[in-house]
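The sequence and the model come first.

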Amino acid sequence: MARKSSSSELYSHPNRLLEDHLIGVKSLALQFLSEKPKKWQKKLEPILLIASLTHDIAKATNFFQEYLHETDEKKKQSLKNKPETRHSHLSAIVGYYVARKSFPEDDLLNPFFTYVIIRRHHGDLLNIDDERKFMISEEDEKVFEKQIENIDENRFQILAQKLNEAGLKILLTKEDLKNAINQIRKDKPQLRGLIKNQIHKIKNQIHKGKHIKCYFLLNLAYSILLDADKTDVTIGDNLPPRVKLPKDMVDNYKSKKFGSLPKTLINQLREEAYQETHEALSKLPDGQRILSLTLPTGLGKTLLSLSLALNLRDKLGNKHRIIYSLPFMSIIDQNYKVFEDVLKSNDVNPTSNVLLKHHHLSEVFYKSSDDNEFEPDQAKILIEGWNSEIIVTSFVQLFHTIISYKNRTTRKFHRLAKSIIILDEVQSIPVKYWDLVNKTLSFIANELDSYIILSTATQPMIFEPTQTYPLVDSSKYFNQLNRISLRPKTDVNNFDELISTFKPEINGGRSVLFILNTINSAKDLYKVLKDEFPNDKPVFLSSHIIPKHRIQIIENIRSGKHKIAVTTQLVEAGVDIDFDVVVRDLAPIDSIIQSAGRCNRHGLRAGVTYVVHLRKEGDRSRPFATFIYDSVLLETTKKILPQNEIPERELNSLIENYFREIKRKKSQERALLKALYELAYRPYVEDDSRTYISDFQLIEDDLPRLDVFIEWDDEAKEIWQQFDTIMNINNAIERKKAFDSIKPAFYKYIISLPNTDKMTNPPAIVHNIGYVSHDDLERHYDSETGYILTESETQEWIL
């Protein structure tokens, strides 16, 4: 019998009793689970109950308790490095043992998954077969024996009693901990066969669409445990409240902001599309969960998508979270501001638990609607856990959550269940990932009670027509528009021909946007245009210009200060700028059409988008397009793009033909799907040649990158001084916390450069990043064209 005591006097964290933490994690895990579909609650509850109540149980050792309460930093670090102090491995073995006693005798999969999520709750997921191989070794057993022997029996009995009362079916003893080691040793050979049989079974289920069920089961369990654990430690049960959102907020916003708009064709089509999509949503068939919204640029898809999501959410009970995802950082802030204005116009305070912006540069600030402002470490947990009704985030954040092995990104994986995911500019997903995206999003929609809205002017063929529900008859809108025409100009191959061709347009008073494929070619053209048309104030825009300047340049373009702009594909989609003429260097058709969206957006005049074929001189006249685009995409574009003028109404059929041809020609990334089937998260050894989930990269960059801080002004000087002080903080956790407080301001002055030996004007390296001091600006940074690079004859930089 355990002695009478109010507590075990064992601690999980400073000032946090171990039993309180374990029971707190259980409560949060079951709370998070309660938001999931019923069938997943039934599958996951037994795993999560056991895992949450045992995930830190090996912290009961005196080894860990001594480490936790040590005040001398050097001694503490020494204790931390001892194998006997570590707790995840033994805790995982105990969790496995309890699960074996709780699940049917022939069920090894659920106990094994219980083991995995506990074993990796302080790390990243490992290839599942390697996880089995390295469950226990002779060396591990010796450490476990020491740890078990080192546990105070009376304190452990009190802890075990409290866990049993909290729902753990077994009243654990120290003898059970020893038995757990024997159970693992006994089951290890059987687990190998289990994993092989499970993989074989999954392969046989591929045609039924069930092939990634195990991946989602394991990731959901892992995600909920991680989120509950981190939330309990930093926030406890003081979670921000959920908030109901009125479905008619966008209607009210439109009425207040726009009132009675002029009866132009564009305004008429915007309203028709708004009404048609809502009518289609009201007739949404049961089981139809992937919706397509395909409309020409300028017809208000941002507000329309939000309105559809709010109406769908209301229809579903006002509990589904809205995840609005975009591919480009440049438009996340822009669209977040629109959503913020919508909420404010409806007297809804856009606090963080209502509207949240999350990308790698997000400010670490969180305030809830009950007027609770959280501390920075708490705010970080809430932001990265997507604790909000509407989350505005990047494609990278979303897809590296869906296809994930990392602790940090997988923590919010469970938020994908019961969500409404809006994919804006969905054509930006690389073609090779179409099948992977199809399989994962289909599973999320059909199995996790979620909905997907695919929003774009150029709808890719990621899904078969039978898989999606069109919200509009897109051809009706394309057929009525005549804002622009597309004119291929294959005979324009150099800057002299470019200037002579478009000089009449510029001299005639028309505004012209030149979109080129590489930074070098864009810089060279800018210099020529600046000399040729000084009175028209040409402006240059690329990723080599600091974000603070980029924002100002875009505002100046919008206000009409510049008739001529030269840029890279940075402005291709989503950036709200408008020109009479767009000149686009050769690119895949979807990029060309997105670029055309920057031309005559409101239909107030006749707009033209030209496609030219610029070549790099001295490099066998190599087209600039070939430096950055796949040859299959370019050749398909050349084949499909007519030589004659194409009116806007024909662009929809043009893009459909292009995507159909691309889908036929381009191979899919099958190896990553196989990795999902087989739970091949990451390799145990670095030189493993197999493809793993850890190999997934939504945005691929063959060149290593170097972040460079440009000390442009007094604000930058002050921020750099703060950064320098922060980097001298010895404690890594405190250092990271301090940096998070300045990160948004810091990155206003950061550009990312290809870090190669071809860079002949490299910046100084300070604290492992590039640094251009204010005194060194003249040599490294130009206020008009950004970073000053002297490259080799053949190197070209993109974006």
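The text below goes from the whole chain to a single strand and its neighbours.

The model is predicted: local features need pLDDT of at least 70, side-chain atom pairs count only at pLDDT 80 or more, and totals for chains, interfaces and linings use all residues. Residues are numbered from 1 along each chain as its sequence is written, and side-chain values use heavy atoms, with hydrogens and water left out.

**Whole protein**

The protein contains 30 helices and 24 strands; helices (H or I, at least four residues) and strands (E, at least two) are DSSP runs numbered from the N terminus. Its radius of gyration is 29 Å, close to the 28 Å that the globule rule gives for 799 residues, so the protein is as compact as a globular protein of that length. The radius is taken over C-alpha atoms, and the rule is 2.2 Å times the number of residues to the power 0.38. Along the principal axes, the C-alpha atoms fill a box of roughly 95 × 65 × 50 Å.

Of the 799 residues, 58% are buried, where buried means under 20% relative accessible area with a 1.4 Å probe, protein chains only. Among contacts (heavy atoms within 4.5 Å) between residues at least 6 apart in sequence, 78% join residues at least 24 apart.

**The sheet around β4**

Seven strands form an open sheet with parallel pairing, in the order β5-β6-β4-β7-β8-β3-β9. Two strands count as paired if DSSP finds at least two bridges between them. At the edges stand β5 (355-358) and β9 (469-470), each with a single partner strand, so one side of each is left without a neighbour in the sheet.

Strand β4 covers residues 321-326. Its two pairings are set out here.

| Partner of β4 | Partner residues | Bridges | Direction |
|---|---|---|---|
| β6 | 390-394 | Five | parallel |
| β7 | 419-424 | Five | parallel |

On the β6 side, Ile323 has Ile391 as its bridge partner, and Ser325 stands opposite Thr393. In β7, the bridge partner of Ile322 is Ile420.

Six of the six residues of β4 are buried, so this strand is largely enclosed by the rest of the structure. Both of its faces are covered: Arg321, Ile323 and Ser325 are buried on one side, and Ile322, Tyr324 and Leu326 are buried on the other.

Notes: Buried < 20%, exposed > 50% of the residue type's maximum accessible area, 1.4 Å probe, protein only.
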